[in-house]
Amino acid sequence: MTLSPDEYQALWLSVKVATWCVLLGLIPAIGLAWLLARCEFWGKSLVEALVMLPLVLPPVVPGYLLLLLFGRQGAIGAWLDQYGIQVAFHWTGAVLASLVMCLPLFVQSIRLSLQQQDIRLEQAAQLLGASRLRVFFTVTLPLCWSGILVGAVLAFGRSLGEFGATITFVGNINGETRTLPLAIYSAIQNPAGEALALRLIALSVLMALAALLLGNWLNQRHQSRLGHRHA
Amino acid sequence: MLEFDLKLRRGEFELDMQAQMHQPITLILGASGSGKSTLLALLAGLLNAELLKARYGQIHLNQRVLFDHQNSINQPSHLRRIGLMWQDGQLFPHLNVQQNIEYGYRLLKPEQRKIQPKQLIELLDIGHLLQRRPRHLSGGEKQRVALCRTLLASPELLLLDEPLTALNPSLKQPILGFLKTIPTQFGIPLLYVTHQLEDCEVLAGEVWQCSAGRLVLIH
């Protein structure tokens, strides 16, 4: 399968955006998951609903809201503009759009993993003299590694496929914001682009499948190290 | 010496326990649901939120105030110097035996370390298990490792929440025999919770009966 430079660029951009999305989402996802799994506080339901909101909204809505906030005239965008930072219609905006759309999946996987953990392991560590922070880094985090991994794979896969929020927020600029789904969309719009669209679709399926298989394999290895049975 | 005066309500269950425990070995006998495990969790500082809601309570250990609601004193569990062992050991599955037993030991300052790992590993006969993961240990081995881990953290009091209930008698007896020697050998008093009378006979300590959230000294 041969790809044109533009197609390679779309592929490379998709991988770059998805990778940054996972890297930047990791700490907020772990923090939010921990907060929702381990803490009781006033307004928790609202925080939970806000985190999950992008999952149930039409993707164009978060995209448009991001544009309102991060556009040159937006509250945050105007401030960033003073420092020469542009997010809207820039590949970094594609990362932000992906991040917003992926965060619910990322948080939910880690949260489920935290909820399945035996809380007495953390209590045992505390009673051995470990502070809450140390318990978090030496017991909680290593034991929810599989949840983090599954979340990262889902976020990566979701980011590769992100379309609605991205096109609304950063447009479809060849070489700047045209990720694989946008390239597929552009190819479909072109009467002579069917073959190209099919090639890009095949590529998307292969990449998503590879990410899922890798995630599954790493997860099984981790579960087996902990002595859990494979599903 | 352990002293406490605790009141707590959890739904229909009401706990109201006062005691002064001075003996090296203290046993609490009681049926399931009588409040034994709740008491241990309270002493260890694992149910602080509920205790704070109860608006009453005091726990003193060796003249140290661990909890005093009236004076807003509430030591977090990692500073209480209380060890707790459960029925299933609660070994960290991602660490091997050596890393498990050294977990608390490494957190101590050198002058706080009362027991040397080598000595305890020999006494509990777990030297051959050090590189294994908890999933490769039998029930008895897990409990010996958990005991080693807890003791190496040099607690001032060791709480045992039915730690040997799941073991058959042949595995249980040697561990019970070892437990009996802990106060004299390491200077750590035990508070042992069980519903099995025979454990009381072997350990031969002060016995309290726990029933419906109340404690009564019976022996």
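The model is predicted: local features need pLDDT of at least 70, side-chain atom pairs count only at pLDDT 80 or more, and totals for chains, interfaces and linings use all residues. Residues are numbered from 1 along each chain as its sequence is written, and chains are lettered from A and ligands numbered from 1 in the order in which they are written.

Between the chains, 17 residues of chain A are in contact with 21 residues of chain B (C-beta atoms, placed from the backbone, within 7 Å). On the chain A side, two or more residues each come from α6 (119–127), α7 (132–143) and α11 (194–226); helices (H or I, at least four residues) and strands (E, at least two) are DSSP runs, numbered from the N terminus. The most come from α6(A), with 7 residues. By class, this side of chain A has 10 nonpolar, 5 polar and 2 charged residues. Nonpolar means Ala, Val, Leu, Ile, Met, Phe, Trp, Tyr, Cys and Pro, charged means Asp, Glu, Lys and Arg, and the others, Gly among them, are polar.

Chain B holds an open sheet of 6 strands with mixed pairing, in the order β7-β8-β9-β3-β10-β11; two strands pair if DSSP finds at least two bridges between them. β7 (82–85) and β11 (214–217) of chain B stand at the edges with a single partner strand each, so one side of each has no neighbour in the sheet. The twist averages 20° from one strand to the next.

Within this sheet, β8 (157–161) and β9 (190–194) of chain B run parallel and are joined by 4 bridges. B:Leu160 stands opposite B:Tyr192 in β9(B).

Helix α1 (36–44) of chain B lies across β3 (25–30), β7, β8, β9 and β10 (206–211) of chain B, and runs at about 150° to β8(B). Axes are lines fitted to C-alpha atoms, for helices over the stretch in contact, and angles run from 0 to 180 degrees between N-to-C directions.

Conventions
Two residues are in contact if their C-beta atoms, placed from the backbone, lie within 7 Å.
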